[in-house]
Amino acid sequence: MTTRDEVRTTKPDNGVADAGGGRVIEPDAQPQASAQIRHLLDVDSLTPEQITTLLDSSEGMLEVLSRDVKKTPALRGKTIVTVFYENSTRTRISFEEAGKILGADVINVSVSASSVSKGESLYNTALTLQAMQVDALVIRHPHSGAPHFVARYVNAPVVNAGDGLHAHPTQALLDLFTLRQKLGSMDGKKIAIVGDVLYSRVARSDILGLVKMGADVVLCGPPTLMPAGWRPGVSPTETGMESVRIAGDVGEALDGADAVMTLRIQRERQDAGHLPDLREYSNMYGINRRRLALAKKDAPLLHPGPMNEGVEISSDVAHGAQSVVEEQVRNGVAVRMAVLYAICSKGRDRAAGTDE
Amino acid sequence: MADHLSEHESRVVLTGDDIRRALARISHEILERNGGNRDLVLVGVQTRGVHIANRLATNIDLFEGFVPPVGSLDPRLFRDDPEQASVQPVRPTSIPVSLEGRPVVLVDDVLYTGRTVRAALNALSDFGRASTIQFAALVDRGHRELPIRPDYIGKNIPTARDERVKVKLSEVDEVDQVDLVRLARVGVEA
């Protein structure tokens, strides 16, 4: 996915280190009205109020998903294009389903079958899509910052569906939504995140979102897969995040946790020398029934998928009573409906107060 | 909402007692029109329409001895002007029974342009084919933009376009009262 060079260049603006600091540069940057969202590029630029509004809306969207007739005309006449420069099944299908339930036309650009394989640049692809009058762009790209780059050159709202090591904001929102369903308020809740924190855009976005919503985050993973300097006992001033702790071992991380999130171990990591052996990783960091018992009773277990059963998660807990993996997938559709609705319903003139 | 408008002057057009009497009358009218049909379903438009629908259901129980099921509907996804979307979250719709073959009374606090009612009618059609759909509103303030008329109305209040009808209900606002507010434009929004 990424070479070591890219890792180095993308690390300084990875978002975790400068929580809340990195503002997105927008060409048509207008002061964002408190609840309005133009692009969804990362979690950094969302306020806790905006997150709460999106999660509240997701409740309404989840109800639409459960109807016999799963179709509304909310985004009728809108065209949403998904461009995935990386493989994905659940995220792409989730966006497609979300757009279609809201009545939009969704076009999926498969990069291998498009002009990109003829060498078209991201910039030209973006301009081409803009010329086709698309109303929203959903982009996944292996390079951190690619959706920000596109957002700078197109008028349509852009949703980041995962970029390099940087961000996966809709995954963070669906995780927050799932946790809110299970735990209510995030305030003061201990959330353990176990695994490859360094290379995981899911971890980065989740940490930022959880911290914004007031949770206490405990991280645990092999030292080779943690951001530089993030080691057990490191002070908040060094990480820049007061409510994030780094645990020495998985037992300490899970002890009394209100929820447990485990991250996917990408098998490429072993080839890159970050992990000596997947079985050793499983022994030291894999979530199994014995370890999950250290967390609070009925603590939900989250996994962003796809799961490597037997590596970061054992099969019995992956499909056990505490697993909320399938709920995460369903919630993902609702959250993406809320996101698409929020960004697409902007831009039409409407006199204030035409209806009570 | 509409933060470039500030409240200029406000007067009370319905007191708590007025609201109580109007809803009692509407309850009787609903029973009269539907001949005491026990299949009756009330569906309130989020949020104050739901509280009014609940009050009508309580009245119907009092007068006729049965409680009609009350649903709540957020028609926002069916609007043709989804601008308020990003300001207020979409709320879950809850229709407790299939509407197939039943008489339905849709309930809202204020009838104005009629666009909310149109959206609500579209939304309702996904929950079964009702035998009839009637519409009740506490206040009709005029200025219809669509061919929609109410079947039951609490009070007709002639208004100007720059006025705002504010319905306050004790369930969410501490008091029962309807105010007519004149808004002064204090700035221009881009």
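Domain bounds, as used here, come from an automatic or database domain assignment. In this predicted model, chain A is divided into domain 1, which comprises 14–19, 33–168 and 332–344, and domain 2, which spans 169–330. The centres of domain 1 of chain A and domain 2 of chain A, taken over C-alpha atoms, are separated by 25 Å.

The interface between these domains involves 41 residues of domain 1 of chain A, which are in contact with 28 residues of domain 2 of chain A. Between them the two domains bury about 3000 Å², and 65% of this area lies on carbon and sulfur atoms. Polar interactions are also found across the interface, where 19 residue pairs, both members at pLDDT 80 or more, are counted in polar contact. Three salt bridges are identified between domain 1 of chain A and domain 2 of chain A; a salt bridge is likewise formed by Glu59(A) and Arg180(A), whose closest N and O atoms are 3.0 Å apart.

On the side of domain 1 of chain A that touches domain 2 of chain A, at least two residues each are supplied by helix H2 (48–65), helix H3 (90–101), strand S3 (136–141), strand S4 (158–163) and helix H14 (325–344) of chain A. Of the contributions to this side, that of H2(A) is the most, with 10 residues. When the residues of domain 1 of chain A that form this side are grouped by class, 21 are nonpolar, 11 are polar and nine are charged.

Terms used. Residues numbered from 1 in each chain as written. Chains lettered and ligands numbered in written order. Predicted model: local features only at pLDDT ≥ 70, side-chain atom pairs only at ≥ 80, totals over all residues. Heavy atoms only, no water. Contact = heavy atoms within 4.5 Å. Buried area = accessible area lost by both parts, 1.4 Å probe. Salt bridge = Lys/Arg side-chain N within 4 Å of Asp/Glu carboxyl O. Polar contact = N/O pair within 3.5 Å; in protein donor to acceptor, adjacent residues only side chain to side chain. Helix = DSSP H or I, 4+ residues; strand = E, 2+ residues; numbered from the N terminus. Nonpolar A, V, L, I, M, F, W, Y, C, P; charged D, E, K, R; others polar.
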